[in-house]
Protein chains: 2
Amino acid sequence: MRVAILLEHKSKKIVTASSSTSIDEAMDLLISNKIGCLPVVDDSGKLIGIISDKDIFKRIHQTKGNYHSLKVEDVMVTDLIVGLPDDDIAYIAGVMDKNWIRHVPIVDGERVVGMVSLRDIIREQAKNVEIENRYLDLYLGMRRDKSGDI
Amino acid sequence: MRVAILLEHKSKKIVTASSSTSIDEAMDLLISNKIGCLPVVDDSGKLIGIISDKDIFKRIHQTKGNYHSLKVEDVMVTDLIVGLPDDDIAYIAGVMDKNWIRHVPIVDGERVVGMVSLRDIIREQAKNVEIENRYLDLYLGMRRDKSGDI
């Protein structure tokens, strides 16, 4: 499946940060939009970096919690690996695996047209699978009852 | 593929926390072991919860950075969805998708025998794929050179 199709299944809204966005605000954006990574763009909309919850998490720990004065530019990654709308999602999955990353910005020239996460790829694959959750307490209860029906 | 096979491909070491582990120490464990989630076990080794970097990230933001007095028990998730070694990884992927989670503890009775992450599942799938990274600067340079050879 092409990345372009996957992006059609996602929200069209691309939440971005600028290099001067504060880390507190970036955290707000990540949490309130339930995303793990923000593309960072300049005034002209050109992609200049990405910043993930994990990047921030590590920096918070490094600074022992003194992160409030930091800006996105202090934490963002600028050596970017990107995908194209025409890529196959198997290629993007391979890039994520090889580089130990969880998000790949999809670009058209200098502009970001979407973000693909590990979750997006799993979502496409798991789409039509019927799943019943196995809760730990229920699982242990069933074991005690000697019911093998899990 | 069965979860048991996937776990054989991973490090056998299971890094755990206890409910009284400090959040600072949990962050240390997550970062130094390059993992996103810790199973929380009691003194007898029984699985009682999990705590992820994302759970901590959110709590740090909620507390505006005043997290140093928190312990794992204050942040961990206890309503657990678990997998079994005999499960197929497609089932685990479906569970992750359906429940918007990134980590599933794999149990044998009350004990955790491994953790499966979104990344682990992608890794199994991407294992034999040859990948060449597309770096943004190179991609843009190539476009400027009108080389279509990406």
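A residue is called buried when its relative accessible area is under 20%, exposed when it is over 50%, and partly exposed in between, using a 1.4 Å probe and protein chains only. Helices (H or I, at least four residues) and strands (E, at least two) are DSSP runs, numbered from the N terminus.

The structure is a predicted model, in which local features need pLDDT of at least 70 and side-chain atom pairs count only at pLDDT 80 or more, while totals for chains, interfaces and linings use all residues. Residues are numbered from 1 along each chain as its sequence is written, chains are lettered from A and ligands numbered from 1 in the order in which they are written, and side-chain values use heavy atoms, with hydrogens and water left out.

Start with helix H5 of chain B, residues 89-99. Of its 11 residues, 8 are buried, and the helix is mostly covered. The buried ones are Ile89(B), Tyr91(B), Ile92(B), Ala93(B), Gly94(B), Val95(B), Met96(B) and Asp97(B). They pack against helix H1 (3-9), strand E3 (103-108), strand E4 (111-117) and helix H6 (118-126) of chain B, together with helix H6 (118-126) of chain A. Contact here means heavy atoms within 4.5 Å.

Next, look at the two ends of H5(B). At its start, a side-chain oxygen of Asp88(B) comes to within 2.9 Å of the backbone nitrogen of Ala90(B). A polar contact is a pair of N or O atoms within 3.5 Å; within protein, one must be able to donate a hydrogen and the other to accept it, and residues adjacent in sequence count only if both atoms are side-chain atoms. After H5(B) comes Trp100(B), which has a positive phi near 55°.

Now turn to H5 of chain A, residues 89-99. This helix is mostly covered, with 8 of its 11 residues buried. Its cover includes H1, E3, E4 and H6 of chain A, together with H6 of chain B. The N-terminal end of H5(A) is capped by Asp88(A), with a side-chain oxygen 2.9 Å from the backbone nitrogen of Ala90(A).

The axes of H6(A) and H6(B) are 10 Å apart, at an angle of about 65°. Axes are lines fitted to C-alpha atoms, for helices over the stretch in contact, and angles run from 0 to 180 degrees between N-to-C directions. H6(A) is therefore roughly perpendicular to H6(B). Angles of 65 to 115 degrees count as roughly perpendicular, under 35 as roughly parallel, over 145 as roughly antiparallel and the rest as oblique. On the chain A side, the contact is made by Leu118(A), Arg119(A), Ile121(A), Ile122(A) and Gln125(A), and on the chain B side by Leu118(B), Arg119(B), Ile121(B), Ile122(B) and Gln125(B).

H6 of chain B also holds Asp120(B). Asp120(B) counts as buried because its relative accessibility is 11%. Its side chain reaches the backbone nitrogen of Ser117(B) at 2.9 Å. Leaving aside neighbours within four places in sequence, Asp120(B) contacts Leu6(B), Lys10(B) and Met115(B).

The axes of H2(B), residues 23-32, and H3(B), residues 53-62, come within 11 Å and cross at roughly 140°. H2(B) is therefore oblique to H3(B). Ile23(B), Ala26(B), Met27(B) and Leu30(B) of H2(B) meet Asp53(B), Ile56(B) and Ile60(B) of H3(B).
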